[in-house]
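Colleague: I'd like to learn how to read this model feature by feature. Could we start with the ligand and work outwards?

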Amino acid sequence: MSRHFYVILNRHAGRGRASKIWDAASPKLKQAGITYQLAETRYPGHATLLAELYAKRVQPDSTDTNIVLVVGGDGTLNQTLNGLKLGTTGDPLPIAYLPAGSGNDFARGAGISRNPDIALQQIISATEPTILDIGHYDETIKHEHRYFVNNVGIGFDAAVVSAANHSSQKGLLNHLHIGSLAYMAQLAGVLTHQDAFPVTLQIDDQREVFNNGFLLTTSNHPYFGGGVRILPIASVTDGKLSVIIVEKMRIPRFIFLFMMMGAGRHLGFKQVHHYQAEKIHLSVSSLEHGQVDGEEMGSRSFDIYLTIDQYPFWFTQA
Ligand SMILES: Nc1ncnc2c1ncn2[C@@H]1O[C@H](COP(=O)(O)OP(=O)(O)OP(=O)(O)O)[C@@H](O)[C@H]1O
C-alpha cells in the first residue's frame, strides 16, 4: 500500500524553525518513496481551512493511504485536527506530526521525538495508525466547541499566554530568538496581578467548589507551557482527561511550587487539587483569560463541558 502525504506547513512556527525542518525533511520523504502535496499556511488559522478542504476532497482509496502531515507547532496541529474533523464524514484521515514549534508539548506527551530526524523516521517507518486521546470542549456561553490535543486553561496559564502575545517586547525578543524570555517576563507580571476566582467543577458525579482558584487546566497529557510536567498522571492512552486546580497562594510559595513541579512533587501541596475523568464540567463566572492549545480564547466567563475522544496518528512509538 503506497502512502500519500498532504503536508500542512506553517513556516512561522518555532520562530521560523519549521521552514528549515521541512526543507531538510522533504528530500527524505521522496527517498522513502512517499509522494506529497505541499500546502503552506498564509495567515493565522489557515491550517483549519486547508485541512477541512482536503478532507472534503480526498476520496478513500483501498490502494493508497492518505495521511495529513503537519509541520508546525501545537497551534497548527490543533487547527489541522479541527479542520479535518469539520471536513470528514467517513473514516478519519491519520495525522502525522513533525514537531517544529516553540513548545511542542503534544510531541512530548505522545512520544513523538522533538529531534526532527528521529520524528521523521517514526513517521516513515509507521505502517498503521496509532490511536491517541484528544480532548473536546463545548462552551455554552459563547456556543463554541473545539477539539484540543494538549489543554484548555483558565486563569494563570491563559493570562501568561495573553500577556506574552500582547507584549510590546515580543517582536524584538522573537527577532533575537529569545521569545521564551517574553513568557518569563510576563510570568512575573501575571503572578502579581492575577486575582483568585471562584470555580465550580463537576468530575463525573463528583461536585467541587473552590473560591480561590488561580490556575485551572484540563489536560490530555502531562505537559504544558513547553515542557512543564504539570499533570504527571495524565496519559494520551488512558481514555481520560486530567484536571488540575491550583489555589492562590503567596508568590514565594507559588515559585517554590513551580520548582517542585520538576520532580513531580507539587501534587502534594494542599492548595493543589487534581482529578481524572471522562467528562468534566467547569464553571467560572468572573472574567478570566482562557487558552486552548496555547491559542487565546479571550477574557470572559466560562461554562465548559469537556470530554475525551480518540484520533488516529501516524507514527511508531520511539
Ligand atoms: N502565514 C502565517 N503568518 C502568521 N501566522 C501564521 C501563519 N500561518 C500560521 N500562523 C499562526 O502561527 C501561530 C503559531 O503557530 P504554532 O502554534 O504552530 O507554532 P508555535 O507557537 O511556534 O509552536 P507551539 O504552539 O508548539 O509553541 C498559529 O496561531 C498559526 O495560526
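This is a predicted model: local features need pLDDT of at least 70, side-chain atom pairs count only at pLDDT 80 or more; totals for chains, interfaces and linings use all residues.

Colleague: How many nonpolar, polar and charged residues are in the shell around the ligand?

Modeller: The shell has 15 polar, 3 nonpolar and 3 charged residues. A residue is near a molecule if its C-beta atom, placed from the backbone, lies within 6 Å of it. By that test 21 residues surround the ligand, and the closest are Thr41, Gly73, Gly75, Gly101 and Gly103.

Colleague: Which helix gives the most to that shell?

Modeller: Helix α3 (residues 74-87), with 3 residues. Helices (H or I, at least four residues) and strands (E, at least two) are DSSP runs, numbered from the N terminus. The protein chain has 9 helices and 15 strands. Its radius of gyration (taken over C-alpha atoms) is 19 Å, close to the 20 Å that the globule rule (2.2 Å times the number of residues to the power 0.38) gives for 318 residues, so the chain is as compact as a globular protein of that length. The C-alpha trace spans about 60 × 45 × 35 Å along its principal axes.

Colleague: And how is the protein chain divided into domains?

Modeller: There's domain 1 (2-128) and domain 2 (136-308), with bounds that come from an automatic or database domain assignment. Taken over C-alpha atoms, their centres are 27 Å apart. Contact here is when two C-beta atoms, placed from the backbone, lie within 7 Å. Domain 1 puts 15 residues into the contact and domain 2 puts in 21.

Colleague: Which element supplies the largest share of domain 1's side?

Modeller: That's α3 again, with 7 residues. Both α3 and α4 (105-110) supply at least two residues each. By class, this side of domain 1 has 4 nonpolar, 6 polar and 5 charged residues.

Colleague: What about the inside? How do I read a core?

Modeller: In soluble globular proteins, nonpolar side chains tend to be buried together. A residue is buried if 20 or more other C-beta atoms lie within 10 Å of its own, exposed if 12 or fewer, and partly exposed in between, with C-beta atoms placed from the backbone. A nonpolar core joins buried Ala, Val, Leu, Ile, Met, Phe, Trp, Tyr and Cys residues through C-beta atoms within 7 Å. Here 42% of the 318 residues count as buried. The largest nonpolar core has 80 residues, and Val68, Leu69, Val70, Val71, Ala96, Tyr97 and Leu98 touch the most other members. Helix α6 (residues 156-165) gives this core its largest share, 7 residues.

Colleague: Which residues does Val68 contact, leaving aside neighbours within four places in sequence?

Modeller: Tyr6, Ile8, Ala51, Tyr54, Thr80, Leu84, Leu93 and Ile95.

Colleague: Is His143 buried or exposed?

Modeller: His143 counts as exposed, with 7 C-beta neighbours inside 10 Å. Asp204 is partly exposed, with 13 other C-beta atoms within 10 Å.

Technical notes: Residues are numbered from 1 along each chain as its sequence is written. Ala, Val, Leu, Ile, Met, Phe, Trp, Tyr, Cys and Pro count as nonpolar, Asp, Glu, Lys and Arg as charged, and the others, Gly among them, as polar.
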